[in-house]
Amino acid sequence: MSAVEFILAGMMAAATPFLLAALGELVAERAGVLNLGVEGLMAVGAVIAFIVVYHGGGHLLAFLAAGLGSALLSMFFAGITLGFNANQVAAGLALGILGQGLSALFGKSYESLTVTTLPKIAIPGLSQIPVVGGLFSQDIVVWISLVVTIGIWATFAYSKVGLILRAVGENPKAAHAIGYPIVSIRFAAVTFGGMMAGFAGAYASTIYTPLWADGMIAGRGWIAIALVVFGTWLTSRIFLGACLFGAVSLMGLAAQASGLAVSSQLLACLPYLVTIIVLGIISVDRRLLKLNGVASLGEPFER
Amino acid sequence: MSRSFSTILPSLVRRDRASFAAKLLAPPIALIVTIALNLGLYVAMGRDPMGVIYAMLIEPFVSWASFSEVLLKTGPLLLIAQGLAIGFRAKVFNIGAEGQFILGAIFASAIPIWMPQATGQWMWPAMLLLGTLGGALWASLTAFWRVRLNANEILVSLMLSFVAAQLLNYLLLGPWKDPGGFNFPQSVMFQYDAMVPILFEGTRVNVSLILAAGLSIAAWIFMQKSFAGYKLQVGGLAPRAASYAGFKESWAIWLSLIIGGAAAGLAGAAEVAGPLGQLQRSISTGYGYAAIIVAYLGGLNPIGIVISAIIIAALYIGGDNAMVSANLPIAAVRVFQGSLLLIYLIAVAFVRYRIVWRPTPARSAS
């Protein structure tokens, strides 16, 4: 298998944790709330899902439990930042540390254990095409994630719900004046974001690398937050960004498999270095960020 | 819709003046509530609550031997937190102190690793200086990205921490690995002159505690008395007003990050030249992240930070105790730290707001 083939086949699976978490963060940020706790929420989702699958609960139940657990934790964050107007940066960082701590605490006795993953579902015909065929043979969660991505894109582009969310993030005072409950809408958006982060963690620990290890999320939650910036708050660009990061995180494996003599530490750095470089390239055009950016992001709403 | 909500739930109303009593009471109340919640968690995990309380909260303070260990941990936390708080007040969110700490440790270690035969009293001061430089240089990457490329400093500084961790791994598995170290990922043990002086005989408390105390005083003078500190704070509180007054944002970003990075680098250098005596993979037990908690818990105030640094340091030692005596995973410390900050953020809300249980007359929307 050539390196290109290898990367194409694995890219979507590697991209899925980034994609799910980033889409959740997108919804929260569109409503005006910056949640920096994604890394911790993913870790909690990952450990809950792992424990459920390990004890024979199956993947469906695992995802539901992980989504619920992370949603509950993000509701705690929402209560503090929206109910008590706390500093969102500080609360998000604290949530991240709390989530990572809780995951390590619960996962202590599952350290380095493994579970079975899900089979791949191939689209007949398309998956037999040479080189790109691997793209069409994915597990069920990848396929569902694609549907969810399109759903979120359509929601923002065409539905009233999307419009209200954007109004709440863009100009909360005006949205409040029309009669929309800002705090409740933001609360719901943050909860949705937390649930998606939980799913992202569940995918990482039970399907992508079906094992539990403390710190296994390894910055993917932070990269997901960066992806929202890369994507300039647009669903389609976030999707492309997630694919790019899926590919980048596989490059290390591909390089080693093809016998390139690159140190494994440098390869492990690659996703972070690419994040730093892309962040610089995207941000340098201030107009682009302003164009789709969320005007009231991170600011508490006061009547 | 908001009208119906306000009749069920109490609402927060901004106070005319910040409540001084609430400001003083917020940290101790938050600490008590956090202790209660975490104890509940330990009981749910089937641990003996009294045993955990004793090991985590009391044992660190009962003997000089254990309290000196608390002081040892206070040094790096205090150094890093004072540096970060200056930036946080200017709304420059450097959360990559972990990476800056690691670079400080690497830079400082270069001297004894490259000059294993060197002797002389110049060694440890030179190491601390080089470590400070290393941390500042690593942070200046973030400053450059923010000022020149407009990139978010939270994300860049954090990504650089992940890179720093890999750089440390690379050095310890490759060029800087101790050849006689049974393949462990660690450097050679440093010579005597590479070690910082001990402050109290019989303990591991060293000069870094004095440096941390000095930085605390300097930070207090800088923030409360100097014009540069005033400019920084105005820039954080009212960026537009500050720019009208001719205070440059880029200046605030460079200054904040360089100070934060230098302090974290110094802490990293003091760690390898102090209690560790060599460069190891586990040079930091999350000091860079814990210091963020210390900074906020201290109300971003130099004096408050001294108190919160001692509390978080005691928690580290207490967590170690509880791991041994009450069979509590060390991750419990992270849970405690995270929940403490979250609960503190609720508590400080009452400095600026008061709770009103009666429905507030909703402003007419017309």
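User: Hi! Where does Ser187(B) lie?
Analyst: Ser187(B) lies in the loop of chain B between H7 and helix H8 (208-225); helices here are DSSP runs of H or I with at least four residues, and strands are runs of E with at least two, numbered from the N terminus. This is a predicted model, where local features need pLDDT of at least 70, side-chain atom pairs count only at pLDDT 80 or more, and totals for chains, interfaces and linings use all residues. Residues are numbered from 1 along each chain as its sequence is written, chains are lettered from A in the order written, and side-chain values use heavy atoms, leaving out hydrogens and water.

User: Is Ser187(B) buried or exposed?
Analyst: Buried, because its relative accessibility is 1% (buried is under 20%, exposed over 50%, partly exposed in between, with a 1.4 Å probe on protein chains only).

User: And what does its side chain reach?
Analyst: The side chain of Ser187(B) reaches the backbone nitrogen of Leu279(B) at 2.9 Å.

User: Switching topic, how many residues does each chain bring to the contact?
Analyst: Chain B brings 50 residues and chain A brings 52, with contact meaning heavy atoms within 4.5 Å.

User: Which salt bridge is there between them?
Analyst: Arg334(B) and Asp214(A) pair up through their side chains at 3.1 Å, N to O. The count between the two chains is one (a side-chain nitrogen of Lys or Arg within 4 Å of a carboxyl oxygen of Asp or Glu).

User: Which element of chain B gives the most to that side?
Analyst: H14(B), with 14 residues.

Terms used
A polar contact is a pair of N or O atoms within 3.5 Å; within protein, one must be able to donate a hydrogen and the other to accept it, and residues adjacent in sequence count only if both atoms are side-chain atoms.
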